[in-house]
Amino acid sequence: MSIFIPYLHIIAIMVLMGSLISEHLILKPEMNPKQIKSLATLDFIYGMAAVLVLITGLLRWFVYGRGAAYYLSNPLFHTKLTLFVIMAILSVFPTIKFLKWRKEVNSGTAPGVDEKSVKRLLMLIRIEILIVVIIPFLAVMIARGYGV
Ligand code: HEM
């Protein structure tokens, strides 16, 4: 189990990053209904991966790590968690839009995909990708005893 949890932490991070990059590639002002549905599906996969990252992270923190107190007193760990929370908050906006667009597609009305919201969502996804790139740098430092 102590090997399985870190393994799942990494797999979930890979799926998280994969879904973000896929969303970034698909999202554009001119999308067909199939692409809009794919965005909503990818966003669901992203959400599930984020939950798995969180659960396995919590298990590493409280059960399989170096003791909960070790991480709590580490400012690098606080930064890592803060970035994760920012990423989760940012992800709410694409989710709301993708679900709205899918609902419109399903009900047969033309989805209101405008260039301005696409640009805004692309920027949010880019920031999320950047956060997922920065967090492992903090994680490997924490794992090697930095910040204590
Ligand atoms: C996108 C989000 C996250 C990424 C990319 C990430 C990345 C990583 C990586 C790469 C490691 C392995 C470090 C190593 O062994 O060299 C790690 C370890 C760890 N992560 Fe995460 N993580 C994320 C979210 C979280 C969250 C939300 C928590 C807590 C709730 C968490 C808690 C931990 C803990 C406790 C370890 C073990 C550190 C140690 O070995 O001492 N992670 N993380």
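Visitor: Which residues does V132 touch, not counting residues up to four places away in sequence?

Guide: Two residues are in contact if their C-beta atoms, placed from the backbone, lie within 7 Å. By that rule V132 touches I13, L16, M17 and L20, once residues up to four places away in sequence are set aside. Please keep in mind that this is a predicted model, in which local features need pLDDT of at least 70 and side-chain atom pairs count only at pLDDT 80 or more, while totals for chains, interfaces and linings use all residues. Residues are numbered from 1 along each chain as its sequence is written.

Visitor: Is V132 buried or exposed, or something in between?

Guide: A residue is buried if 20 or more other C-beta atoms lie within 10 Å of its own, exposed if 12 or fewer, and partly exposed in between, with the C-beta atoms placed from the backbone. V132 is partly exposed because it has 18 other C-beta atoms within 10 Å. Of the 148 residues of the protein, 22% count as buried.

Visitor: What span should α4 have, and what is the distance between its end C-alpha atoms?

Guide: The expected span of a helix is 1.5 Å times one less than its number of residues. The 32 residues of α4 should therefore span 46 Å, and its end C-alpha atoms are 47 Å apart, which agrees. Helix α1, residues 4-26, has 23 residues and reaches 33 Å from its first C-alpha to its last, close to the 33 Å expected.

Visitor: Which residues of α1 are buried, and what do they pack against?

Guide: In α1 the buried residues are A12, I13, L16, S19, L20 and E23, and they pack against α2 (33-62) and α5 (115-143). L16 is in contact with Y46, A49, A50, V53 and V132, leaving aside its neighbours within four places in sequence. In α4 the buried residues include M87, F98 and W101, and what covers the buried residues of this helix includes α2 and α5.

Visitor: How many residues has the largest nonpolar core?

Guide: A nonpolar core is a set of buried Ala, Val, Leu, Ile, Met, Phe, Trp, Tyr and Cys residues joined through C-beta atoms within 7 Å. The largest one here has 18 residues, and among those with the most contacts inside it are A12, L16, Y46 and V53. The elements that give two or more residues to this core are α1, α2, α4 and α5, and its largest share, seven residues, comes from α2.

Visitor: Which residues come nearest to the ligand?

Guide: A residue is near a molecule if its C-beta atom, placed from the backbone, lies within 6 Å of it. Of the 21 residues around the ligand, G57, R60, I135, A139 and A143 come nearest. Helices α1, α2, α4 and α5 each supply at least two residues of the shell, and α5 gives the most, with seven residues.

Methods: Helices (H or I, at least four residues) and strands (E, at least two) are DSSP runs, numbered from the N terminus.
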